[in-house]
Amino acid sequence: MKMRLSLAIASLAILGVHGFVFYQQFFHKWETYQNSYFDQARTLAKTDQEREALASRSPKIEQIIVTQFGSTRVDRCTTCHIGIDDPRFKENNQPYKAHPYTAELGDREINGKWERRHKFADIGCTVCHDGQGRGLQEFYAHGEDEFWTEPMLGYVVQENWRPEFKDKLKGKEFMQANCAQCHTDKDFKSTPLVNKGREVFVQQNCYGCHRIEGISNGTLGPDLSDVGKKWSLNYIHESIVDPRANSATSFMPKFNMTDEEVKALTIFLKSRRGFNYAETQLDRYRATLTKSPATSPESTEPGATTPAVADAKLGEQLVQQRACAACHKIGETDGGIAPDLSYEGLIKDSEWIVAHFKDPRALIPDSIMPTFTFSDGDFRSMAAYLGTLNKPPALNNPQEIYTNLCMRCHGDKGDGHGMIAIYLDPYPRDFTNAGFMNSKPEDRLISSIKNGVGGTSMPAWGKVLNDEQIKGVLGYINQNFTKEARTEIKPRKIPDQNPVAMSPDSVARGEGIYLQRCTGCHGRKADGKGANSLDILPRPRNLLNTAFVTQTNDRRLFESIMYGVQGTAMPPWIDYGLTTEDVGDLVNYIRSLNQGKKDAGLMTLLIRGH
Amino acid sequence: MSEKKNNIFSTLSSMPAAIWSSVFRNNLPYTDLGRSKTSFNNFFLHIHPVKVHRHTLKPWFTMGLGLISLFLFLILVVTGVLLMFYYVPSTAQAYDRMLDLRGSVAFGVFLRNMHRWSAHGMVAAVFLHMCRVFFTGSYKKPREFNWVIGVILFLLTLFLSFTGYLLPWDQLAFWAITVGTAIAGYAPVVGEQMRFLLLGDTTVGQEALLRFYVLHVAVLPVVMVVLIAIHFWRIRKDGGLSRPEEADIVEPAAVGTVLATPAPAMAMATAAGGINVIEKKNYGIQGLVRGPFAKVGNVPDNSVFSYPNLLLAELFVFILTVLGVLLVSAFFNAPLEEAVNVLHPPNPAKAPWYFLGLQEMVSYSAFWGGVGIPAIEVLVLLLVPYFDRGQKGVGKWFAKERLLANTLFLTFVVVNIVLIIIGTFFRGQNWEFVSPF
């Protein structure tokens, strides 16, 4: 009996839940809105016919199905906003309020009657306003749901957005991002912020690292071609002003932009959605047939005149405008990503600098510097400006020298983990690695400081420091970081010249040995990125680094292969059965990889270059 | 003429009764004979024995966990079929269909909630059912193979839930399945192939969605139904649910005034195959169950008629299950995150909760956590009844004789639950340990 009683109670509870769910399902807010609209419209109606038509209407889900903008959109907004196209309701409160007519949007008044340029029946609502067209509850329809990336532009600020951004993301102008979906002309006058954002994208050099289809080809940062489709305004805004907020590993610099510029850039990026609404697959295909995939941004740059002669003044302006110091250090400003340019005029000549501007990786193969596409004149002017940075620093003692010139890469502990070290490849030398430091003769270490290391970011400090200073700083390094007394280096039997003559046979033999012995670390392509390379510090040498290989003499290559490199993972290969002839073949193979790839002009730069 | 008219009249007037009796074959029962006939002649009730042991009906012995699993499965079938009317397994449409379910389909949210929470509930209920069977030692001879089928049913439940997880095609689904199938990929030799077979591609995409859909709505449910049928059939053939030996001792009170024989003697008689014939119970029922009860039931025993005792108990569990699912579904919405963004994994990307124990182990060792240990666990689970063959302590919760086995199993259960809890609540970005408090 007890069981039957509880059964009855449980059944009643089930009935109760059903009542609750039925109530939820069948008593919608939008029905109330629609009924209220019908009532109000009836009082406003002028003819009996109108009244009758209204009387026969009953609440139902209204929807506009838009098929002409990319994927099919279903907009049910008019279910609540049922008076949207009814001019009599222009003074009412939401959700009854009629959409205003604006001449700016192309609406025209003909004989006292307004006609819309953008007809709701054709384009729906979310095309301009965003939001979730399918939703019928305000929370979801307006996109207040934290998972909806397209909340109503400029109106809804989501609860979970960063509070300090909420105000900045309010405002009708955010809708310009959607106008630009169809109005793609670069100077469409009704989307000033999109146009400005596009300029900012170029001015601030965003294009150097980011790709946007049809605009730029950068590869260093994420492709932004459809960033507007994937991310909410909030996320885009946040990623611009605080790059590490969303991706802890991001090394994008914080750019110094005004709020207005950030807003324009955010709106411009929000307008990048891969496909524009107005565009079809066929349009896109046709576009690829008629023009190169990415237009050079210089053509979009306002007032880009090419001066006939290099102008250091203009160069200074350009370097500042283009935010070089967002990565590099120039004088007091330090971007914390790329090498110090404060003494560039002493270290490099303008020919090298211009060649490096045009193709950084031709000179420093593993550099992450973007390839900017400025005009030749701009490059020359910038190089001319950098050439004026030729005042040697007043540095009195080795410690000062180390702190000012070496520490940014090699670190304050001399362990190679300097501020910008992770952006450099090869990685800066670790001075605390006594095995390495003490296995190399002093001459060699001094030469590395004085002449730099080809194909890397180590410059020839001999042009800034005198021999005495260099000796001093080496002593400082030895005393503070290596901390081990130098020992006499045993004389080894190493040929000064490669005894094996360069020949196709020798290269082929060398390749055979290379494939057997070296690919694990140096990689099949000899680019230093073999399977084991990530487990090894210092990383295996990139043997395709022509500047480095060309400057390294046979003796040093032989020594490194035959006797290994102490303090690194490179083993002494004579212990593993390689003969001097084998090593000769290997050296020939490595040299052959770096021959004839580059034109003569570049080769001289490479050799002279550091 | 009048006779004919009369005939038509009488035919019509007796028609409801005729239809009733042709469908149900007998009237609502008021006698024991009627009760047994009702169970026996009705297709749906026929799955029950005519009589059921009193011990089986003890609520705290089974806690109705097997039934709860079955009823959740039935709820899942019904809600699932309804959801199928709205769902399209296409990467272009699936997510929009979810929005429609939430936005404009009548009862859409509610259906999805019921389906989602029942699925989670079923994983839990089946697991608890397995624990119940173990702790009461119910997998022992002759029920060993039914235990094996049960373990397979548990794995199928997990797989059904897992395949359904992908279908909403939101970030949660996409990345959970990406993580889940990556775990499968850690298996040696066949791992990658298995993963490819499952996904139809190297990554989760349209092919994977279609495969998961077909598995989820057609293949796995059919296999499940067949195995459930075998599972139930074997329960009957194995003599109903397990029970301790002493439960078969007939107490005089249970038999009532009919029996004067002392209980021990009665039990002996039962074991001997029923010598004592009770005059009042002179109807015959064909072979009900094996064992001491597999006979034409004309001995006094501890059984009661399934109709209404068992039916009422089942109804009770059913009502409670439905009520639970309805309440949870009315107040908690099934999650729906943003549409799939292949380039942006959430951090951390987590598998469905029941696989978070695995993922937690994978974070220590990909092979051992994802493949080695789970494979050993499943293998041991499958073989448990063949290792543990003692016949002591059957049908009793935490029997003293089974201290070792129960301790081992309890350790297994606790370790897995703790791992799942750690994986669910204590793991944040980059799978680092965070405190949820």
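## Overall build

Chain A has 29 helices and eight strands. Both are DSSP runs numbered from the N terminus: helices are H or I with at least four residues, strands are E with at least two. The radius of gyration of chain A is 34 Å, well over the 25 Å from the globule rule for 610 residues, so the chain is more spread out than a compact globule. This radius is taken over C-alpha atoms, and the rule is 2.2 Å times the number of residues to the power 0.38. The C-alpha trace spans about 110 × 85 × 50 Å along its principal axes.

This is a predicted model, where local features need pLDDT of at least 70 and side-chain atom pairs count only at pLDDT 80 or more. Residues are numbered from 1 along each chain as its sequence is written.

## Inside and contacts

Of the 610 residues of chain A, 46% count as buried. Buried means under 20% relative accessible area, exposed over 50%, and partly exposed in between (1.4 Å probe, protein chains only).

Take the contacts in chain A with a separation of 6 or more: residues 24 or more positions apart account for 59% of them. A contact means heavy atoms within 4.5 Å.

## Cysteines

A disulfide is a pair of cysteine sulfur atoms within 2.5 Å. For C77(A), the closest cysteine sulfur is in C125(A), 3.9 Å away and too far for a bond. C77(A) is partly exposed, at 23% relative accessible area.

C206(A) is in no disulfide either; its nearest cysteine sulfur, in C209(A), is 8.6 Å away. C206(A) counts as buried, at 11% relative accessibility.

How values were computed
Chains lettered and ligands numbered in written order. Heavy atoms only, no water.
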